[in-house]
Amino acid sequence: MIKCIILICGPPACLKSTLIQILQLLFNHYQILNLEFFCIKKFYEIFNRKKQENIYNFLSFDDLFFNYENDIIENESNWKLYRLLIANEIENYILSRIEKNSLINLKYSSQILNRLYESLKNLHHNSILIIEDNFYYSSMRHRYHQIAQRAEIGFAIIHLYSNIIIALERNQKRHISKRVSNISIENIYSKYDLSNDDLIINTTNQGLTCEHLHQILQRIKQACNKPEQQLNLIDNNEQRRLATEINQQNIIYQIDQKLRKFISKYLKEEFLNNEKFQIINEKKLYAEMINNKRQIFLELIKHKLILFNNNEDIENLFEQFLKENI
């Protein structure tokens, strides 16, 4: 059992990764930053060299998804399933449960879980697990709060936030391999759900300051000293709800995989047999339109506006849907 879970949240380019690197430098002696604008000696004075009391373990979703992120974020159902998979396995690990989550079977499950287990292997009773991701929906953060409640360990949420104009400017200064598209940043900002109950660090004007770091360390200390209480009255209902949600999303994912294979074959036949698709731009527009129909079809299934049974051929159903809607 660990002591605490800390979520480091925020839109892209709000200095989350910088904060993680600073904490690694402070607590694990990683000489990985050239901190020209920070005074390390001042840090040690502020925190009174108390780093020996706990072991800090760091988990980044960027590292877990490295090389797979474009494929994973292509559709929202897929993206949610991977996050559910990770949260469930973290819960199993913390509670020392040995069962594997057989409900979720995804393309990169084994690779991502291997990375996750490697990151978690050094956890012990004195560990503080710091998880860094956007976590822009409150539901994403709530899942980890549930884990802390069930394990009766500390929990805290720390938001790093800044003006979107500053975030876009910082993003452009990143190495090209680490840049996020402006559309993605704007999308996350439009959906970001801030809670006044959490610690919010505004990095707009001065970036991360010693005062910010002092607030963050104080919040972590408070969380470690005040474990969450298990809410038994809602626990069973929540587990059933979560199992139902996982099962539903897994079904949608399996349907989506079948539709993608069908569309690939369908487009090849259409392009081969139709002269109007000799123009490359026409092919691209038609493919985009078909994939848009796929997303609409999935949404209709998700909301039970299209019903089918397990024995029904989903490809034929989708082909019929295309004939009726093109």
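This is a predicted model: local features need pLDDT of at least 70, side-chain atom pairs count only at pLDDT 80 or more; totals for chains, interfaces and linings use all residues.
**View 1. The ring pair of F65 and Y82.** Under the pairing rule applied here, the count comes to 14 aromatic pairs. In the pair formed by F65 and Y82, the ring centres are 6.3 Å apart and the planes stand at 75°, so this pair is classed as edge-to-face, the class for planes over 60 degrees apart. The two residues are 17 residues apart and link distant parts of the chain, with F65 placed in the loop between α3 (61-64) and α4 (69-72) and Y82 in helix α5 (residues 76-94). Both F65 and Y82 are buried.

**View 2. The ring pair of Y161 and Y192.** The centres of the Y161 and Y192 rings lie 5.5 Å apart with their planes at 55°, so the pair is described as tilted. Because Y161 belongs to strand β4 (residues 154-161) and Y192 to the loop between α9 (182-191) and β5 (199-202), the pair ties together parts that are 31 residues apart in sequence. Y192 has a relative accessibility of 10% and therefore counts as buried, the limit being under 20%.

**View 3. The aromatic cluster that includes F65 and Y82.** F65 and Y82 belong to one aromatic cluster, which they form together with F61, F135 and Y144.

**View 4. L85 and L106.** L85 is a residue of helix α5, and because its relative accessibility is 1%, L85 counts as buried. Between the C-alpha atoms of L85 and L106 the separation is 9.2 Å, while along the chain the two residues are 21 residues apart.

Terms used. Residues are numbered from 1 along each chain as its sequence is written. Side-chain values use heavy atoms; hydrogens and water are left out. Rings of Phe, Tyr and Trp (its six-membered ring) pair if their centres lie within 6.5 Å; planes under 30 degrees apart count as stacked, over 60 as edge-to-face and the rest as tilted. Helices (H or I, at least four residues) and strands (E, at least two) are DSSP runs, numbered from the N terminus. Buried means under 20% relative accessible area, exposed over 50%, partly exposed in between (1.4 Å probe, protein chains only).
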